[in-house]
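Have the sequence and the 3D view at hand.

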Amino acid sequence: MTEAVGKEITIEGVDPRELYGAQNVYLEQIKSLHPTLKIVARGSSLKVLGSEAETLRFTRRMDSLVAYYLKYGHVSSQVIDQCFSGDIMQDDTPVDKDVIVYGNNGNIVRARTVNQQRLVKLYDKNDLLFAVGPAGSGKTYTAIALAVRALKEKQVKRIILTRPAVEAGEKLGFLPGDMKEKLDPYLQPLYDALNDMIPPVKLQKFLEDGTVQIAPLAYMRGRTLDNAFVILDEAQNTTLSQIKMFLTRMGRNARFIVTGDVTQIDLPRRSDSGLVRTMEILRGIADIGIVEFDKRDIVRHPLVKHIVEAFDKHTEPEQSNPKTE
């Protein structure tokens, strides 16, 4: 008679509700594939009782299923059948060199343009990157994807996303709510990108425990940011002193990416923007990379590219013939 052994399997990084399916339909399927085991689900862990060999086989198959979910952001009845028949192994999936991270619901985040690919390559060689270019070129989205990948691969312990709280034609004081509620609209694009890449329950936990932090630039003053992937977005709306303050927050094992669009400066005077001047000052320093996106990188609606081109043509004569007072 084979002696039964008990084992507890902890499922990390996966929302059990998604892994077990609606009304535990996937969990019941998993149980049916190992009828000789007693399997009890308790939140994010599975308690398994059965023979040592069968328990080990089940553990390996669950590891394969969890790895698939973490990579592709979804499971299905067919995927479970494949994982538990041994057809899907953790390292069997072909590698797509342009994939940065596997997001939610099967969403694959990849470097889609030449400059997005260049940003990914430069990330491997530099601790500080500047990514500047027009709206819709994917510079911020690509940067956040790199941050999520670094967190998943445990290269860093936290992600910090920040923006300057500068009005784009509106006044903060007229917005309802407390300071957080006033500022959240400025930070919403960062939340949107994270929601594409991290399961909602896990993202909420990360936000609560500080693994992911989203805050206005002013909150960075006085901090030392160790073991962190830090992104400064909308950097065209920072002054030279503000961007210097931000860059000097860099601590040990930190990776910084600064993104911005110098054609969309919302400061009272365009000349107050410190982004271009900062890149001029730092260009050529080892471990600092600069990627300049252009209209060819725009990946939003096809009209966005034409809109940017039209505005560029309209503003060029104004810049070459500035008005005198």
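Q: Why is Phe58 called buried?
A: Its relative accessibility is 0%. Buried means under 20% relative accessible area, with exposed over 50% and partly exposed in between, using a 1.4 Å probe and protein chains only. Phe58 therefore counts as buried.

Before the next one, a word on the ground rules. This is a predicted model, in which local features need pLDDT of at least 70 and side-chain atom pairs count only at pLDDT 80 or more, while totals for chains, interfaces and linings use all residues. Residues are numbered from 1 along each chain as its sequence is written, and side-chain values use heavy atoms, leaving out hydrogens and water.

Q: What makes Phe84 buried?
A: Phe84 has 4% relative accessibility, so it counts as buried.

Q: Why is the pair of Phe246 and Phe256 called tilted?
A: Rings of Phe, Tyr and Trp (its six-membered ring) pair if their centres lie within 6.5 Å; planes under 30 degrees apart are stacked, over 60 edge-to-face, and the rest tilted. The centres of Phe246 and Phe256 are 4.9 Å apart and their planes stand at 40°, so this pair is tilted.

Q: What does the pair of Phe246 and Phe256 tie together?
A: Phe246 lies in helix H9 (residues 240-247) and Phe256 in strand E10, so parts 10 residues apart in sequence are tied together. Helices (H or I, at least four residues) and strands (E, at least two) are DSSP runs, numbered from the N terminus. Both Phe246 and Phe256 are buried.

Q: How many aromatic pairs does a search of the whole structure find?
A: The search finds 3. One of them is Phe58 with Phe84, a tilted pair at 6.0 Å centre to centre and 55° between the planes. Phe58 sits in helix H3 (residues 52-72) and Phe84 in helix H4 (residues 77-85), 26 residues apart.

Q: How do you know that Thr278 is buried?
A: Its relative accessible area is 5%, so Thr278 is buried. Thr278 belongs to helix H10 (residues 275-282). Not counting residues up to four places away in sequence, Thr278 touches Phe130, Leu240, Ile243 and Leu247, where contact means heavy atoms within 4.5 Å.

Q: What makes Arg255 lie over the face of Tyr123?
A: A charge sits over a ring if NZ of Lys or CZ of Arg is within 6 Å of the ring centre and within 35 degrees of the ring normal. Arg255 lies over the face of Tyr123, at 4.1 Å from the ring centre.
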